[in-house]
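Hello,

Here is the structure I promised to hand over. Please open it alongside this note; what I found follows below.

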Amino acid sequence: MLVLFLLVAPLLQVLLVNRSPWGGPDLVALAVVWLALSRGPVWGCVAGLAGGLAADVTPPADGTVGRTALVLAVTGLLAGRWREGKPSPEGRTREHNPLLVGAAGAALATLLQAGAAVALGDEPWRAALAALPWTLGWTVALGALVSAVLLRRRRSREGEPRVAMRRA
């Protein structure tokens, strides 16, 4: 489901979110962070690369191709690694709070994209800073909210007894 969302996120971003007068979340960044939270850092990195390239070439593409792919690949990798946590001396790994990781990953993606756009000369500072607060607010809020839903869904799956298929 999240992979499908990653595939359609650039189109939804251009067709719906970018036309909204109130701004909106960065759907591609959210899809990358949610995939990193649910599947791990490698999935997050690959999702960031694929989703970022799709976002880079989706019309009206007016920036440096590969900028969003690089930013989202780094974001997916870091969000997945941060979610995994560090192993304790007993050998058990303690996972970080997915709600916090989802919000922080969404904020990281938004800020890195604005910084990369300015650094590569695709946007002037004023244009990047003008839209940043609304996009950051929407993306972080939705990132935290859906990360909490993903956590609840994952915990309910872990608590369910597994049904084994029997041969007749």
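Contact here means heavy atoms within 4.5 Å. On that basis, L2 touches W34, L35, S38 and L150, leaving aside residues up to four places away in sequence. Keep in mind that this is a predicted model.

Nonpolar cores. L2 also belongs to the largest nonpolar core, which has 17 residues. L2, L6, W34, L35 and L72 touch the most other members. Helix 1 (2–15), helix 2 and helix 5 (98–119) each give two or more residues to this core. Helix 2 supplies the largest share, 8 residues. There is a second, separate core of 5 residues. Its members include A36, L37, A79 and V101.

Helix packing. Helix 2 (residues 27–39) packs against helix 4 (residues 67–84) at an angle of about 35°. Their axes are 8 Å apart. The crossing is right-handed. Helix 2 makes the contact through V28, A29, V32, V33, A36 and L37. From helix 4 come L72, T75, G76, A79, G80 and R83. By type, the contact residues are 8 nonpolar, 3 polar and 1 charged. A36, L37 and A79 are in this contact and also in the second core.

Annotated spans. UniProt, in an unreviewed entry, places "transmembrane region" at residues 100–121 and 127–151. In the model, residues 100–121 are 91% helix and 0% strand, with end C-alpha atoms 32 Å apart. Residues 127–151 are 100% helix and 0% strand, and their end C-alpha atoms lie 36 Å apart.

Best regards

Key: Residues numbered from 1 in each chain as written. Predicted model: local features only at pLDDT ≥ 70, side-chain atom pairs only at ≥ 80, totals over all residues. Heavy atoms only, no water. Axes fitted to C-alpha atoms, helices over the stretch in contact; angles between N-to-C directions. Helix = DSSP H or I, 4+ residues; strand = E, 2+ residues; numbered from the N terminus. Left-handed = near helix turned anticlockwise from the far one by under 90°. Nonpolar A, V, L, I, M, F, W, Y, C, P; charged D, E, K, R; others polar. UniProt positions renumbered as here; feature names shortened; annotations may be inferred. Core = buried A, V, L, I, M, F, W, Y, C linked by side-chain atoms within 4.5 Å. Buried < 20%, exposed > 50% of the residue type's maximum accessible area, 1.4 Å probe, protein only.
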